[in-house]
Amino acid sequence: MAHTNISSLLKTLAQKNVRNYGHDFLQTWDKSLAELEATLLTAEILLAAWRANLSPRVFGSGLAVSWFRDKSTRTRFSFKSAADLLGLSVQDLDEQTSQISHGETTRESANMISFLTDVIGIRDDKYLGFGHTFQKEVAAAVAEGFKDGILPQRPAVLNLQCDRDHPTQSLADLMHLQTYFGGLNQLKGKKLVMSWAYSPSYGKPLSVAQGTIGLMTRFGLNVVLAHPKGYELIPELEKQAHDFAQKSGGSFTITNDMKAAFKDADIVYPKSWASFKAMQRRASLYQRNDQAGIEKLEKAELAENAQHKNWTCTEKLMTTTKNGQALYMHCLPADVTGVSCQLGEVAASVFDRYRAETFTQAGYKPYIIAAMILLTKFGPKTATVLRRALAQREPRTL
Amino acid sequence: MAHTNISSLLKTLAQKNVRNYGHDFLQTWDKSLAELEATLLTAEILLAAWRANLSPRVFGSGLAVSWFRDKSTRTRFSFKSAADLLGLSVQDLDEQTSQISHGETTRESANMISFLTDVIGIRDDKYLGFGHTFQKEVAAAVAEGFKDGILPQRPAVLNLQCDRDHPTQSLADLMHLQTYFGGLNQLKGKKLVMSWAYSPSYGKPLSVAQGTIGLMTRFGLNVVLAHPKGYELIPELEKQAHDFAQKSGGSFTITNDMKAAFKDADIVYPKSWASFKAMQRRASLYQRNDQAGIEKLEKAELAENAQHKNWTCTEKLMTTTKNGQALYMHCLPADVTGVSCQLGEVAASVFDRYRAETFTQAGYKPYIIAAMILLTKFGPKTATVLRRALAQREPRTL
Amino acid sequence: MAHTNISSLLKTLAQKNVRNYGHDFLQTWDKSLAELEATLLTAEILLAAWRANLSPRVFGSGLAVSWFRDKSTRTRFSFKSAADLLGLSVQDLDEQTSQISHGETTRESANMISFLTDVIGIRDDKYLGFGHTFQKEVAAAVAEGFKDGILPQRPAVLNLQCDRDHPTQSLADLMHLQTYFGGLNQLKGKKLVMSWAYSPSYGKPLSVAQGTIGLMTRFGLNVVLAHPKGYELIPELEKQAHDFAQKSGGSFTITNDMKAAFKDADIVYPKSWASFKAMQRRASLYQRNDQAGIEKLEKAELAENAQHKNWTCTEKLMTTTKNGQALYMHCLPADVTGVSCQLGEVAASVFDRYRAETFTQAGYKPYIIAAMILLTKFGPKTATVLRRALAQREPRTL
């Protein structure tokens, strides 16, 4: 039965127009709806294959480089799992220092790590205005290296989180919603609240919130962005969400009232992020390596956060959602009140009730990443290559 | 000839009752004699296969996570070798801080690293009362994750050393004895001395000694535990050794006299460990992060050790063993007098004479770990799966 | 066409006498001309195979250990790429401290990491008189372990850069020259200048320069070594270069005049290295862990370097080369004037004009390393094993 399902999914995948999928996956809004749906479908096939003990190992060798400019355990594991599933071997490239490198250096580094590399996953989310720019520089560098014959193959560049988008997260989230509500079509008209929430920590990136409003508005959801004043997102991305909603028949609204936002919501996503101004200042302080300024900013930012301690996802707030049963989402790890901190983003009992759901949500990420690798590398041949692998490869475990 | 031998070992393996082997390997005393023998047999088959250039690669993909809460090079290499031999790809998870995490955090971490993971090897040996507990928590977390459908497969949890047992070491040691003396049956009645020995270092875990008395007493050896007063092991595990010896027809005695212990011994295992009280205090000091207390304890402990500088394995002492030819064992690295320290666990000439033996002893560990992976993952199907791999896979090197 | 080419290269490879290639690759001058040519040929075959989407995966499992005693990103990636290409899995062994370990410790460590290891790549280039010695110790240790039956296979030891030679670099350089000029024969009589160049950094190893004069003089080039007084290389290796040049029909001269050296050169290789005396003092200071002495030496050395700021590869200097078109080479990363430093080894416009060439040069290294692995492991069977892999293995990507 698993096999029948896989076969039918492969047929649907073959019909999606992914001719212009491109060699990189940097932002969901760079992709067409068909390309996003193909990504979800491919991830679904890979998950079904794993469950059916089939191996989609399309690579016999080749490197997958994880280029992390920030600490990470979970993303590292997701990327490693995805690479291993397809037959690629991960090589880490950790930058000890938080230096923001540019131009020449990036071009050289990108080529030096790519001679036998099929994919480069980059996480660079700390500095507003830099992460996405850096990822584009790396993509341009390997594109040029390939064009000049220096690289025998064009490595795909994947965004594992930048200052603008977090596509592996938002697509895993969408896959979760699709599964939970029974299909993408079932999401139309659903109210999803992406809400800021209090956390006693500092400097969390804006990209999860930005990724959410930039993706969910394209699938007909009624997306509400809620945050205290000062915690706005990149203006251009807010504007884009408006446009997307209009096109998809959904809606996009912004409010500074968490309670109003939660009312009758089908889905709530309460999560902390830094204030916009702090993120802007932070980038320039780090560029100048102004340690005193950084510490001062951190204090000010924590004080600013503490003004909004009532922005927390309580049981009481949850009762105001649709039938008191909105789906609670989080990209994890969450700041859970009384567990990981004194007061945080969410009440322990709420988090606990939805634990299996948030864990399941996280579990889609390796398959989304693997899907991005396949589609960036094989484009319209993806369905064919994948069918071949599943048919030819020995089962995953003997 | 190698192939004939492998075939015959596979037949013997198929007859061992491993129906209740379980999904984890935490302590040898959780396993039946048949299960331990099956582990040794599987390791033997894997070693023979490697020597015959056959590949037992039963996995086509999948992660093996090495979760180390203490620095390690050798165990890391053993685990990596075992995983690679079977086709799994290792992902390290190092905890920089010595924090002892609990409950919610462990449950989440364990699931987040396990979406495509087949085995988790954990080393957590520093704090008495915590290592084994932590490993059980991880095992419970992934068992629950699997039951809830969050994890598509149940990762096996392997103990790579905890505060109670060090099963990959003690089984490698037993494999060495089995080979050296010509079979498990030849071990009955042999006198094995697990002796404390002086070392100018601090805080070595008790688990090698505990693992030794908890395993060797089950195979009919006459096990003598020798240590200065104050260097007792966990009382419950000493008691257990008595019970095991009684059942197996061997014996278990404790003495505070190293010389008496060595007399007529067939096997000697002189090795340092921390005093029981120090280990107890240490755990609570680290829990409170009491740095001054830790330093004070370390000084007191080193002074306590220095009271027992005559507990060292000299040539003279070796002459008192059976025919002056007892087998010297060590889990390595040893503190060798005049080589790695001024005065240590063993004389340089003794260590040197048995170097090939201790190196050989260490060399069994990768196969023992690989055997544990196979048996925890495939249980009674292990012999079948392994036979299939050895028959179907191309030779290890072309 | 790719396949025809590969087939013909394999035939040529099969005719090279590599019966005494040996189990290690430590210095190019330990190898015969036929052995070096076989290394280049094997690398060429591997590159052609990669481009033709063929897989030379001759190993089904096994470890490749990267033992780094110095920070490295590029060499790490080259080694990983080479190992992965052949089916080996890399395990890193990083020594945090700069301790120069010896004797017993090395013997034990080498065996402990080698139970299922096929190759050990070592980078140990910081201390004159130590790196090569250490690599020989490791090679001797695993040779002994194999002889004693402790190791089921003999791991090859590869020099990934030591204090004397940098064979993976010099052979990649030679492969570049071979491709650029259309064959090894075309190199005879070409003037190659290995020149010291100014850099505002401290303590760069001598091994690139030594490796260059020790290899290129064997292939009939007219090699000129140019450096300021005090920046001599190991005397024995300068003498050896003279002997090599005499045998090959090329020449070897030393000059303290960069301008004279560049005149009519076909190839220029301007690169910084530390002064000979500084490197000698440095090793003994580190041995004594004399931190104050190290800092003092660093200052003196930088001041000494600054005496020779006119040793830099300018556009003007390039116009004096053969037709103003000498091939510029560098092992990368280079210190580029106005880009990575105020004043460095080379002018930005020169570096920029030859970027594609230096990147291409770097890109040969993974294949050279993989070739060394194959030849040290399979010796005269290399061509056969490689032919089998390319014929039997499924394509690299499906």
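Me: Which residue of β7(A) stands opposite A:Val193?
Reply: In this predicted model, strands β6 (residues 191-196) and β7 (residues 222-226) of chain A pair in the parallel sense over five bridges. The residue of β7(A) that stands opposite A:Val193 is A:Val224.

Me: In what order do the five strands of the open sheet in chain A run, and why is one side of β8 and of β10 left without a neighbour in the sheet?
Reply: The pairing in this sheet is parallel. β8 (251-255) and β10 (327-328) of chain A each have a single partner strand and stand at the edges, so one side of each has no neighbour in the sheet. The order is β8-β7-β6-β9-β10.

Me: What kind of axis relates chain B to chain A?
Reply: Two copies of a chain are related by a rotation about an axis and a shift along it. Here a rotation of 120° with 0.1 Å of shift along the axis superposes chain B on chain A, at an RMSD of 0.0 Å. That relation is the one given by a three-fold axis.

Me: Which residue of chain B has the C-alpha nearest the axis?
Reply: The axis in question is the one about which a rotation of 120° superposes chain B on chain A. The nearest C-alpha of chain B lies 4.8 Å from it, and belongs to B:Ser89.

Me: Which helix supplies the largest share of the side of chain B that touches chain A?
Reply: In this contact, 23 residues of chain B meet 26 residues of chain A. β3 (89-94), α4 (103-112) and α16 (382-392) of chain B each supply at least two residues of the chain B side. By class, that side has twelve nonpolar, seven polar and four charged residues. The largest share, four residues, comes from α4(B).

Me: How many charged residues are on the side of chain C that touches chain A?
Reply: The contact takes 26 residues from chain C and 23 residues from chain A. On the chain C side, α2 (33-51), α3 (74-86) and α14 (355-363) each supply at least two residues, and α3(C) gives the largest share, six residues. By class, this side has twelve nonpolar and six polar residues, and the number of charged residues is eight.

Me: How many of the nine residues of helix α14 of chain B are buried?
Reply: Helix α14(B) covers residues 355-363 and is mostly covered. Its buried residues are B:Arg355, B:Thr358, B:Phe359, B:Thr360, B:Gln361, B:Ala362 and B:Gly363. Of the nine residues, the number buried is seven.

Notes. Residues are numbered from 1 along each chain as its sequence is written. Chains are lettered from A and ligands numbered from 1 in the order in which they are written. This is a predicted model: local features need pLDDT of at least 70, side-chain atom pairs count only at pLDDT 80 or more; totals for chains, interfaces and linings use all residues. Two residues are in contact if their C-beta atoms, placed from the backbone, lie within 7 Å. Ala, Val, Leu, Ile, Met, Phe, Trp, Tyr, Cys and Pro count as nonpolar, Asp, Glu, Lys and Arg as charged, and the others, Gly among them, as polar. A residue is buried if 20 or more other C-beta atoms lie within 10 Å of its own, exposed if 12 or fewer, and partly exposed in between; C-beta atoms are placed from the backbone. Two strands pair if DSSP finds at least two bridges between them. Copies are superposed by least squares on the C-alpha atoms of residues with pLDDT of at least 70 in both.
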